[in-house]
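Work through the exercises below with the coordinates open. Each task is followed by a stepwise solution.

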Amino acid sequence: MTNQTFEHITVLLHEAVDGLNIQPNGVYVDGTFGRGGHSRLILSKLGEAGRLVVFDKDPQAIAVAQELAANDKRVSVVHNGFATFQAALDDLNIEKIDGALFDLGISSPQIDDASRGFSFRFDAPLDMRMDTTRGQSAAEWLAVADELEIHEVIKNYGEERFSRQIARAIVAQRGETPINTTRQLAQIAAQCVRTRERGQDPATRTFQAIRIFINRELDEVKEVLPQVVSRLNVGGRLSVISFHSLEDRIVKQFIRQYSTHAPLPKWAAVREADLPQPPLLAIGKAIKASEAELSANLRARSAVLRLAERTSGEFKFQAA
């Protein structure tokens, strides 16, 4: 463990928090505390009776959150992934909330801390876990996964065209030497990726895919969205920032599914106005970082914010 600190610039800070339409005495959730940028702005808008629950897997983020909670009785800290949303609220005796914010993906401190093994820019142990206290590291998974599984992970989560070649090379390499460092994995990817986008390292998609898989990132997004809707008060808001297309697609499709009616057959003698109200109302269009924010923080370039509001319509979750 190092004492080095890493700067984190909160993306779409005001847009995401303003989208929650904060009520001073409301109950809110920050499902991805990080270094607390969104949480601190939410707290600045809450009154004394307001409440904020923060989630994070990362022990370093939790240490920052606990320090905040020690000085602010309105804050409750959950050291776990946000897929435990409902169980955590039950433990805190919270039945309903007025808003939830999720800043998905990986934070700058996690990327910039070489010891975490998220980046191919450093040579470090190949870990990639957001919660380093539990679960299987990337190196441990690569040591036992079969070639087909590695190929499917890199293809499906990284959208990498050369996933099959990379998987084959990983299996061949580990037969000679364990793949325990980020440099080893990056070199394998570099040898297999024959063409790539301008300015993109050949290891980018492979590292992204394995990180998403190890941390169950897409699965957790799918699991938490219906949990949030079932807990939102009428008028409560959902605010989600996504950083790549797979995450954003899940959020976009979920909001669309529960904010619109299924198309009526031509023979149906029912007016649109007479149909039951959907449980969600999509708020505006997707929001992206402004030119001013991009000039200050290039990592905001892929961020997409989507907002939705809970209506009085009945919510019945339909698994895909």
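Predicted model: local features only at pLDDT ≥ 70, side-chain atom pairs only at ≥ 80, totals over all residues.

**Exercise 1.** Describe the chain as a whole: its secondary structure, burial, surface and contacts.

Solution. 
1. Assign secondary structure: the chain has 13 helices and seven strands.
2. Take residues under 20% relative accessible area as buried. Of the 320 residues, 49% are buried.
3. Compute the accessible surface: it comes to about 16,100 Å², and carbon and sulfur atoms account for 49% of this area.
4. Take contacts between residues at least 6 apart in sequence; 68% of these join residues at least 24 apart.

**Exercise 2.** Which strands does β2 pair with, and how many bridges join β2 to each?

Solution. 
1. Locate the strands: β1 covers residues 27-30, β2 residues 51-56 and β3 residues 75-79.
2. Count bridges to β1: four join it to β2, and the two strands run parallel. Within this pair, V27 lies opposite R51 of β2.
3. Count bridges to β3: five join it to β2, again with parallel strands. Here V53 has S76 as its bridge partner.

**Exercise 3.** Is strand β2 mostly covered or mostly open?

Solution. 
1. Apply the cut-off of under 20% for buried residues.
2. Five of the six residues in β2 are buried, so the strand is mostly covered.

Technical notes
Residues numbered from 1 in each chain as written. Heavy atoms only, no water. Buried < 20%, exposed > 50% of the residue type's maximum accessible area, 1.4 Å probe, protein only. Pairing = 2+ DSSP bridges. Contact = heavy atoms within 4.5 Å. Areas by Shrake-Rupley, 256 points an atom, 1.4 Å probe, with all protein chains shown as cover.
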